[in-house]
Amino acid sequence: MKEFLQQSSYLAVAVSLVSYGIGSWLKKKFKTGLLNPLLVSIVCTILFLFGTGISYDTYNEGAKFLTWLLTPATVSLAIPLYEQWELLKNNAKAVMAGITAGVITSLLTVLLLSMALGLTHEEYVTLLPKSITTAIGMGVSEELGGYVTITVAVIVITGVIGNILGEFICKLFRIKEPISKGLALGTASHAIGTAKAMEIGEIEGAMSSLSIAVAGILTVLFATIFAGLL
Amino acid sequence: MKYLKQFLIILLISLLGEFLKAIIPFPVPASIYGMIILFVCLLTKLIKLEDVKDAGKFLIEIMPVMFIPAGVGLVTSWGVLQPILVPVSIITVVTIFTVMAATGLVSQMMIKKDNKEVQ
């Protein structure tokens, strides 16, 4: 049986989808943001791997096809963006100012907290690109001499936490404007936050998609300056 | 054939993005180049919305599950994360709050101001 589980081509994707289904069902049933489908599915899948003794590498042999779809899915984010083009054009200044403020705040928060918590320069630059999409963040971390594996882990954690807490944070700071909600989610927690923004609404999703690209590129530009500060 | 054609267009743009990533020495992933290319193609009507809409919306809808493997992969990073877990956790959580507040409030303030000027 174990041999079958190890060799199956479809098991990993099936387990991932079933656990996502469990997460969605729990969220519907208990109506609480804490039971976030993405978080529940990650936890369920990890438990399944522990329970069956399947290694991550074996799981990823099958699950990599889900990851493979990420590039075409991210490309497709241009579609909602195009559908909201008028809205985007009419609010271009606010949109750019919002994303820029977020990027600088992200770098500044990491700088101040790294100083306060006594992190080394390498640890600091590892965390600098934490709010942006994985592929850009990896490149920034590598270029600045950070630990790329940690950067990737922190980027994923940032996305998942943003996905879980996003709606709560919008309420907390009274961010009500759909454009602003989307920008906030995308700038703070990249594509994983955008997945949440898409669930909230079309405008939120489009603005969040835009933020992934703009925040990513702005971070590449500003991170070099910030890297020299600690 | 409809879905095949739509998915093909999206894949070809992904491929073009991959090519740009290979030749441009800037840490921007293929997906972001692809997103910009598709956006420009839609704006210039080089690609019609109907030619990508159904397949694209399907991909966007199932996007959350594409992050499960990366999330599960965190178990393999436990060893490197553990020694700096406390500062990393603090920085991660605090940053989400400050960034969302800054982005959300700055843009919301400017949208309100612009709307007042229009009225």
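**Close-up 1. Helices from chains A and B line the largest pocket of this predicted model.** In chain A, the helices that each supply at least two lining residues are α4 (56-68), α5 (70-76), α10 (134-144), α11 (148-172) and α12 (178-200). Chain B joins in with α1 (2-23) and α2 (30-43), which also give at least two residues each. Which helix gives the largest share of the lining? That is α1(B), with five residues.

**Close-up 2. Here is the inside of the largest pocket, with about 710 Å³ of space.** Its lining has 28 residues, and those nearest the centre are Thr67(A), Leu70(A), Thr71(A), Ala135(A) and Ser31(B).

Close-up 3. Look for Met198(A), Lys57(B), Ile60(B), Glu61(B) and Ile62(B), which lie nearest its centre among 14 lining residues. Two or more lining residues come from each of α2 (11-30) and α12 of chain A and α3 (53-61) of chain B. The lining of this second largest pocket divides into nine nonpolar, one polar and four charged residues.

**Close-up 4. Glu204(A) sits in helix α13 (residues 202-227) of chain A.** Is Glu204(A) buried or exposed? Glu204(A) is buried, yet it has no salt bridge. The nearest side chain of opposite charge belongs to Lys181(A), 4.6 Å away, while a salt bridge has to be within 4 Å. Setting aside neighbours within four places in sequence, Glu204(A) is in contact with Pro178(A), Lys181(A), Gly182(A) and Ala197(A).

Key
Residues are numbered from 1 along each chain as its sequence is written. Chains are lettered from A and ligands numbered from 1 in the order in which they are written. This is a predicted model: local features need pLDDT of at least 70, side-chain atom pairs count only at pLDDT 80 or more; totals for chains, interfaces and linings use all residues. Side-chain values use heavy atoms; hydrogens and water are left out. Helices (H or I, at least four residues) and strands (E, at least two) are DSSP runs, numbered from the N terminus. Buried means under 20% relative accessible area, exposed over 50%, partly exposed in between (1.4 Å probe, protein chains only). Lys and Arg count as positive and Asp and Glu as negative; His and the chain ends are not counted. Contact means heavy atoms within 4.5 Å. On a 1 Å grid over the protein atoms alone, a cavity is a set of points where a 1.4 Å probe fits but cannot get out, and a pocket is an open set with protein on both sides within 12 Å along at least five of seven lines; lining residues have an atom within 4 Å of a point. Grid points are joined across faces, edges and corners, and a volume is the space filled by probe spheres set on the points. Ala, Val, Leu, Ile, Met, Phe, Trp, Tyr, Cys and Pro count as nonpolar, Asp, Glu, Lys and Arg as charged, and the others, Gly among them, as polar.
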